[in-house]
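Morning, everyone. Here is the structure for today. Please have it open while I talk.

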Amino acid sequence: MIDRVLSTLLTLLSLIAVGLLAHNYYLSRSLSQTVGVIRSESPLEYGDRVNQNALQRALDQGGYSDQLNSHRYLLLYFLPSADFQDLKSIKYGELLLQRYEDGGLQVFAVTNGQPAEIAGMVKNESLTLPILFDKDGLLKLLLRVPDHYRHTYLMSAAGEIVFSITGAPQEDTIRQIVEKHVAGKIDYSERTAEVYRVGDKLPAIRVIQVAGGPTRELALHDCEVVFVSARCTSCQLHGYVQRYRELTTSNSGSAKTRILVFSQRFPQRELVEDLTKGRVPLEHIYIARQTLGDFDNEYRTKTGASIVMIGINQEGRIEKVTPLDAPN
Amino acid sequence: MMTLQRKFLSLFLIQIVAAWGATQAGEKKLQASSEVGETPLRMRQVELDTATDRVRRIFVGPNSNIYLLDSGNNRVLIFSPTWKLLRQISEIGQGPGALFDPYDMAVDRGGNVYVIDSKQRVQGFSAEGKFYGGFKYRGECLAIAVNGRGEYLLNQPELGSLISVYGPNGDYRRSFGALKTGATGRSKAVANRVHMSVTGHDDVYISFDHLGVLQKYDSSGRLQWEEAIPGEQAEKLRNIFWSDAADKSKYGIVLTTSYTGIPAFVVSFTTFFDESHDRLYVPLNDGSIYVADGRGKALRFLKQSGSRDFYNSIAVDSSGKLLVTSVWKGVFLIMPARPV
């Protein structure tokens, strides 16, 4: 009896194994047909081509396959989640789409993030950029997007890659690339960073509280803004927090409220962790949701330049800018 | 027995004398460094007839034309000696002949331009802007120079030497320059990041970005001399760098400020040797410019008062005036024209 049960079980297991092998074989064949010839596992590079039919099929996940016929170029931002960095790229993508759609550009944000989370961001930020949920990972596979899912491609509608970069490129970089291919002419006169000087009015800045919550506009009057701008998003947070504590507890004679604003490059989760660890009250601490003119310079990593204190008078004008030492 | 005692005694005395001598020498060196004088400078900004963004390199080529690597705009600009824009070479892109986040540029004696960019390419262009080819290199490289033999000199510490030399077709020929010890892994590349200035005789002057050390090699790659940049700031940064290298930091270098993912201080940004006046210029990260002679003897610090701008490239124009570039603010003429 036991022998018979065991034998049946063995037969069943063998059948399942054969079934799985067949399924895997079918999947691999299907995927290889979809993806076409792939040289290696690294992301596609300039000059690589993807199969146009496969591209059409992948875009069809969001009902966007007709976009290949109506546009000359596709700009695809692969973004994993609805965090600040993605939002920045999406906002800039909207601007590019607005400018160059007539020239034949279509821009997509492609995500594998949680639909509810993304939908929340779309609603809160009134986003208009088409967002494609790559739920089956077809586009990721087709374009060999890394697992961290941050990559940007500009490709022709025929499937030829003309620009490929891991992560989200700087706004000026992607603008120049799009202008070169879509508009046929690069505008070198465009300045992306506004320059603020003493006496200028600092407009309200879009921020979120570090503890979370919706984006809002922070009007700045009669206060001191300690603005932290650094290239490295994950290092030195403890040092910055310590520096801020020193500033807020120092007897500088200033009666103004001090507000700490981290540039949008700082990840919210890590900031909250560090601030909580350092027992720093989260009140008056924000993360920017926009660039802050030339104060917000990711390359200013030289001592004394990656953190500045901006004194603002009652009229909202800048009265003093003090570079503060970077924490060691 | 007596002989052994005598030997010990004489060794002991020799050691004492040697230690005293070393202390004296150290003090003398310290005195010498603090004795390097300062010359105040003024800067006059050059008005350009086109926008630039993150200028990383300036060269004065044949015909006295001035070459700028406008890296934020992914192009090279050539100006006449009177700053009239003559032409633009290349534009953004990832294909052949286009530039993508270019790091450095060299100009040869014929006015041809060679650029390295973040796609790990050396690409060559004629003075008229015609693209005539290039090759890909391995690893990280942030500095390029060319010599009179048409060879490319690339700073590729990851390959085991300071400088790798390639032929005109990208064929590897030789390498020279010992790496500084004390850093491993990716930090090795940071610790050995240098800039180069090649003379008409193919001698090579080098400044280490993070160590504040200068070297001269002859055309065959033999080290001629090595000198540390004097001054309190350079010494402080150098000491921090090496003291933490041994034990404290997991990177092998001190965690101070971030630089392409590896935190490190920059001491000097570039170097330029003015052959006609035997002057070696090294812009430092406090905005001053260190000047030595061709044998590395310290001469002056050129300092601006009240400015925190710092300069990443330096050249001498046809009339002998010093030109510097600021990453963010463009091109400046140094006043007075010949400060040392």
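Start at a turn. In the hairpin of β24(B) and β25(B), G320(B) takes a positive phi near 90°. That hairpin has 5 residues between its strands. Before going on, the ground rules. This is a predicted model, where local features need pLDDT of at least 70, side-chain atom pairs count only at pLDDT 80 or more, and totals for chains, interfaces and linings use all residues. Residues are numbered from 1 along each chain as its sequence is written, and chains are lettered from A and ligands numbered from 1 in the order in which they are written.

Strand β24 covers residues 311-316 of chain B, and β25 covers residues 322-326. Strands here are DSSP E runs of at least two residues, helices are H or I runs of at least four, and both are numbered from the N terminus. The two strands run antiparallel, joined by 5 bridges. Two strands count as paired if DSSP finds at least two bridges between them. V316(B) stands opposite L322(B).

Is β24(B) enclosed or open to the outside? Largely enclosed by the rest of the structure, because 6 of its 6 residues are buried. Buried means 20 or more other C-beta atoms within 10 Å of the residue's own; 12 or fewer is exposed, and in between is partly exposed, with C-beta atoms placed from the backbone.

Next, the sheets. One open sheet of 4 strands runs β10-β11-β12-β13 in chain B, with antiparallel pairing. Its edge strands are β10 (144-146) and β13 (172-176), each pairing on one side only. Neighbouring strands are turned by 25° against each other on average, direction ignored. For the angles, axes are lines fitted to C-alpha atoms, for helices over the stretch in contact, and values run from 0 to 180 degrees between N-to-C directions. Inside this sheet, 4 bridges join β11 (residues 152-155) to β12 (residues 163-166) of chain B. L153(B) stands opposite V165(B) there.

Another open sheet of 4 strands has the order β14-β15-β16-β17 in chain B, also antiparallel. β14 (194-198) and β17 (223-228) are the edges, each pairing on one side only. The twist averages 15° from one strand to the next. Strand β16 (residues 213-217) of chain B is joined to β17(B) by 5 bridges. V213(B) has A228(B) as its bridge partner.

Now the core. The largest nonpolar core has 124 residues. By nonpolar core I mean buried Ala, Val, Leu, Ile, Met, Phe, Trp, Tyr and Cys residues joined through C-beta atoms within 7 Å. Which residues have the most contacts inside it? V76(B) and L153(B). The largest share, 7 residues, comes from strand β1 (residues 73-79) of chain A. Among the residues V76(B) touches, beyond four places away in sequence, are Y67(B), I89(B), M105(B) and V115(B). A contact means C-beta atoms, placed from the backbone, within 7 Å. A second, separate core of 23 residues includes V261(A), F262(A), I285(A) and I307(A).

One glycine to compare. G133(B) lies in strand β9 (residues 131-136) of chain B. It is partly exposed, with 13 other C-beta atoms within 10 Å. Its C-alpha atom is separated by 24 Å from that of L159(B), 26 residues apart along the chain.

Last, chain B overall. It has 3 helices and 26 strands. Buried residues make up 43% of its 340 residues. Among contacts between residues at least 6 apart in sequence, 45% join residues at least 24 apart.

Note on methods
Two residues are in contact if their C-beta atoms, placed from the backbone, lie within 7 Å.
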